[in-house]
Amino acid sequence: MPTSLTLADLVAPLEVSQFFSQVQGKQHRRFPGPAGRFAELLPWPALSAILRQHRLEFPRLRLALDGEVVPATSYTDSVQTRRGGTIPRLRNQPLIEQLRAGATLVLDSVEELCDPVGDLARRLEHDLRERTQVNLYAGCGVTHGFDVHWDDHDAFIIQLTGRKFWRLHGPTRPAPLHRDVEPPGAPPAEPIDEFMLEAGDVLYVPRGHWHDVAAVGELSLHLTIGFNPATGVDLVTWLADKLRADELFRRDLPRFGPAADRDDRSARLREAIIAALTPGVVDRFLTDRDAQAPAHPRLGLPWVATADPLPEGDEAEVRLLTPRAVLQRGDGRVTLLAAGRRFVFAAAAAPVLTALLDGTPQPVKTLVELAEPALDRATVRALLGELTTYGLLAAG
């Protein structure tokens with residue numbers, strides 16, 4: 001398995017550009033791969049450690065059996081704390097009984113609990129330019145966890161170990177939304193595709209495509225990576241916030257005035273909205289969407305709590321925690337837009353910032369070398385220290 005999986009690894013042999021133009025949002029696609037290529041991403045012992053070491057409340061951790069969610073009270077206790085609250089605690093025997101009966105264990109946002117999966121999520125956020133969430137599905141049985149359903153997000157499914165039987169029924173409403181004016185119609189009785197997803201395979205499913213998954217009587221572990229591409233509704237919502245700067249949109253509507261006043265206001269609002277929809281509005285929206293994306297939580301302890309937030313040696317690695325940061329060049333400067341902040345540096349800092357953009361770990365030594373001779377070591381470390389202080393960079 002590559003040390004840092006990318007979108008290109010998941011959609012091979014397609015080129016990423018082909019995936020975006022031919023597949024995303026249009027059709028499901030299976031990408032077969034060699035067995036075992038994802039086995040070390042999150043092996044069974046790592047899952048056992050997560051369940052042992054973390055307090056996982058329902059519905060983040062849940063069980064599903066025969067299309068129904070198993071009541072959490074049947075396999076967890078609520079333990080009283082010294083300060084009056086309660087925490088969940090798994091009960092071994094009931095949980096084991098549910099799993100042996102064929103229940104599927106579901107764990108949401110596993111990228112926050114497992115570093116290799118977290119690295120994958122950050123890299124895919126960089127490649128897809130959208131936030132990602134990774135849910136885990138584990139089980140052994142011959143039942144299905146959920147009935148035929150559709151999701152309001154696009155998804156990549158990575159089969160880590162074992163296999164699952166998939167049936168795809170296609171969409172009945174193009175591009176449905178989480179908050180929509182009507183739900184999709186019922187799926188057709190017969191699937192348009194069915195197949196066994198084997199260990200090492202990847203499956204892409206666009207939002208709104210009905211599907212169901214069945215276990216086949218053997219251990220199975222897979223990840224579902226969900227993401228929501230930006231839509232026209234998102235753009236209009238963003239534009240509405242921008243229009244708050246215009247007094248015309250802040251003023252009360254003439255509810256009790258004559259009809260002519262309301263007609264005049266309608267015309268003025270329409271003209272202002274049309275004026276705001278300039279040819280570059282989509283690019284501006286997408287850039288701002290990326291620039292506002294929050295940093296992933298990660299602290300480079302103990303250094304971040306000290307006066308010098310970086311380790312002393314230049315062999316240490318640092319990584320940018322905003323995979324969708326935007327870098328702009330011009331007027332002899334380079335501007336980093338990240339997590340809703342704007343940082344302006346001399347143009348000589350561009351090689352350092354460019355190397356950090358994809359979020360992969362970079363040795364400080366390498367960044368110092370990239371900046372030479374325009375910037376010296378102290379200046380590069382000061383730049384990295386500033387980003388660390390603002391929570392945008394972490395060592396280790």
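Is Cys114 buried or exposed? Cys114 is buried, because its relative accessible area is 9%, where buried means under 20% relative accessible area, exposed over 50% and partly exposed in between (1.4 Å probe, protein chains only).

The model is predicted, so local features need pLDDT of at least 70 and side-chain atom pairs count only at pLDDT 80 or more, while totals for chains, interfaces and linings use all residues. Residues are numbered from 1 along each chain as its sequence is written, and side-chain values use heavy atoms, with hydrogens and water left out.

The accessibility values are tabulated here.

| Residue | Relative accessible area | Class |
|---|---|---|
| Cys114 | 9% | buried |
| Asp108 | 16% | buried |
| Arg163 | 29% | partly exposed |
| Cys140 | 32% | partly exposed |

The structure holds zero disulfides, a disulfide being a pair of cysteine sulfur atoms within 2.5 Å.

**Asp108 and helix H5**

Asp108 sits in the loop between strand S6 (104–107) and helix H5 (115–128). Helices (H or I, at least four residues) and strands (E, at least two) are DSSP runs, numbered from the N terminus. Beyond its neighbours within four places in sequence, Asp108 is in contact (heavy atoms within 4.5 Å) with Pro59, Arg60, Arg62, Gln133, Val134 and Asn135.

Helix H5 has 14 residues and reaches 20 Å from its first C-alpha to its last, close to the 20 Å expected at 1.5 Å a residue; the expected span is 1.5 Å times one less than the number of residues. Of the 14 residues of H5, 11 are buried, so the helix is largely enclosed by the rest of the structure. Among them are Val117, Leu120, Leu124 and Leu128. The buried residues of H5 pack against helices H1 (7–11) and H2 (16–23) and strands S7 (132–139), S8 (154–161), S13 (220–227) and S14. Just after H5, Arg129 takes a positive phi of about 60°.

**Strand S14 and its sheet**

Strand S14 (residues 317–320) is joined to S18 by two bridges, and the two run antiparallel. Glu317 has Pro363 in S18 as its bridge partner. The open sheet has three strands in the order S18-S14-S19, with antiparallel pairing. Strands S18 (362–363) and S19 (393–395) stand at the edges, each with a single partner strand, so one side of each is left without a neighbour in the sheet. Two strands pair if DSSP finds at least two bridges between them.

**Arg163**

Arg163 is in strand S9 (residues 163–171). Not counting residues up to four places away in sequence, Arg163 touches Met196, Leu197, Glu198, Val216, Glu218, Leu219 and Ser220. The side chains of Arg163 and Glu218 make a polar contact (3.3 Å). A polar contact is a pair of N or O atoms within 3.5 Å; within protein, one must be able to donate a hydrogen and the other to accept it, and residues adjacent in sequence count only if both atoms are side-chain atoms.
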